[in-house]
Every structure is written in structure tokens, then in C-alpha cells.
Amino acid sequence: MRDRLAAYAFAALMMVNGVAADARSEAGETQKADSDLTGYWQQADGDILYFTQDGSSLTSRYQKRSANNDENDIDFTATVHGNLIYGAHRGPFSRAMQKKCALQIWVGMGLTLSDDGTELTGFRGDRIVDLKTCSAKNSDPVSLFYTRMADSDILQ
């Protein structure tokens, strides 16, 4: 009798966990489909970037040349996990520093996607580069903010 009760309890737990696992799986598939980040995004400083998402992989590239980057330079590469994005962000250092020190600085970054899917906020690491020795040391994190743009905003 005791074994039968244990078997019932075990079966009930399996059924509950199985239903919960199915619900999580379906919710994850829906969330993944709803959170495709491919498209144009604008940084707080006005730079426009194009995000390309392939599964959980996300790459952000600059759309126009500026003092610190060329068109199509990578802004960051990251992994998408639900509403969290984490990866490596290219440090914003001048072409002169990069040429002199032969250095491309990458720092860790993390972003959170807003519930409506239109904003990304978070932080990236930062480094201070000594131009005499070309050595780099960590400094305070820097805030990041991206706003999704409609394709029609780009064409204007």
C-alpha cells in the first residue's frame, strides 16, 4: 500500500513537471519569435546601427562612417537569451590610438530588452589607454541605450 501511494505521488509529480516543462518550452518559442532584434537601432549619441540576429547570435554594425568607426564596423557581438543580451562590445577609441597601439579593445557588455521590444538598456565595460605605453586598464562602466527604429525612419 505504501509503495502504491509513493508511486501515485511520483506519477503526479511527473505529470505536473511535464506540463510545466511543456508550457515553458512553448513560451520560450513564442518569446524567441517575438524578440527578433534584426533591424535598425539608434544609440543615445545618434549613431545608427543595423542589428542582425541569427538564432541567439546578435551582431550590431555601424551604418555610417564617423571619427571612430567605418561603415560596417562591428559595434558589438552578443548572445540573446530571452530579454537579456550579453557579449563583447568594441571600445570607442580613436583611429589614431588604434593605429599607434595596433590595438582593438573589446569589453564585456550586457543589455536588457524592454517589454515592448523597442529599447535596449545596459552597460559595457570601459578601458583607459595610455598612449605612451599603449597599456590599457579597466575603468568605470558606461551606460548603453539603443532605440529600435522603423525602416521608414531610415529612408528619410
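**The disulfide and the core**

Guide: The structure holds one disulfide, meaning a pair of cysteine sulfur atoms within 2.5 Å. This is a predicted model, where local features need pLDDT of at least 70, side-chain atom pairs count only at pLDDT 80 or more, and totals for chains, interfaces and linings use all residues. Residues are numbered from 1 along each chain as its sequence is written, and side-chain values use heavy atoms, with hydrogens and water left out.

Visitor: Which residues does the disulfide join?

Guide: Cys101 and Cys134, with an S to S distance of 2.1 Å. The link is left-handed, with -75° about the S-S bond.

Visitor: And where do Cys101 and Cys134 sit in the chain?

Guide: Cys101 is in helix α2 (residues 95-101), and Cys134 is in the loop between β7 (119-130) and β8 (135-148). The pair is 33 residues apart and links distant parts of the chain. Helices (H or I, at least four residues) and strands (E, at least two) are DSSP runs, numbered from the N terminus.

Visitor: Is Cys101 buried or exposed?

Guide: Cys101 is buried, because its relative accessible area is 11% and buried means under 20%, exposed over 50%, partly exposed in between (1.4 Å probe, protein chains only). Cys134, at 22%, counts as partly exposed.

Visitor: New topic. How many helices and strands are there?

Guide: The protein chain has three helices and eight strands. Along the sequence the pattern is α-β-β-β-β-β-α-β-β-β-α.

Visitor: How much of the chain counts as buried?

Guide: 26% of its 156 residues.

Visitor: Which residues touch the most other members of the largest nonpolar core?

Guide: Leu37, Phe51, Phe76, Ile85, Leu111, Leu120 and Tyr146, out of 16 residues in that core. A nonpolar core is a set of buried Ala, Val, Leu, Ile, Met, Phe, Trp, Tyr and Cys residues joined through side-chain atoms within 4.5 Å. A second, separate core of six residues includes Met97, Ile105, Val107 and Val129.

Visitor: Back to Leu37. Where is Leu37 found?

Guide: In the loop between α1 (2-34) and β1 (39-43). Leu37 is buried, with a relative accessible area of 0%.

Visitor: What is Leu37 in contact with?

Guide: Leaving aside neighbours within four places in sequence, Leu37 is in contact with Phe51, Gln53, Leu58, Val80, Ile85, Leu113 and Arg148. Contact means heavy atoms within 4.5 Å. As for Val80, its C-alpha atom is 9.2 Å from that of Leu37, and the two residues are 43 apart along the chain.
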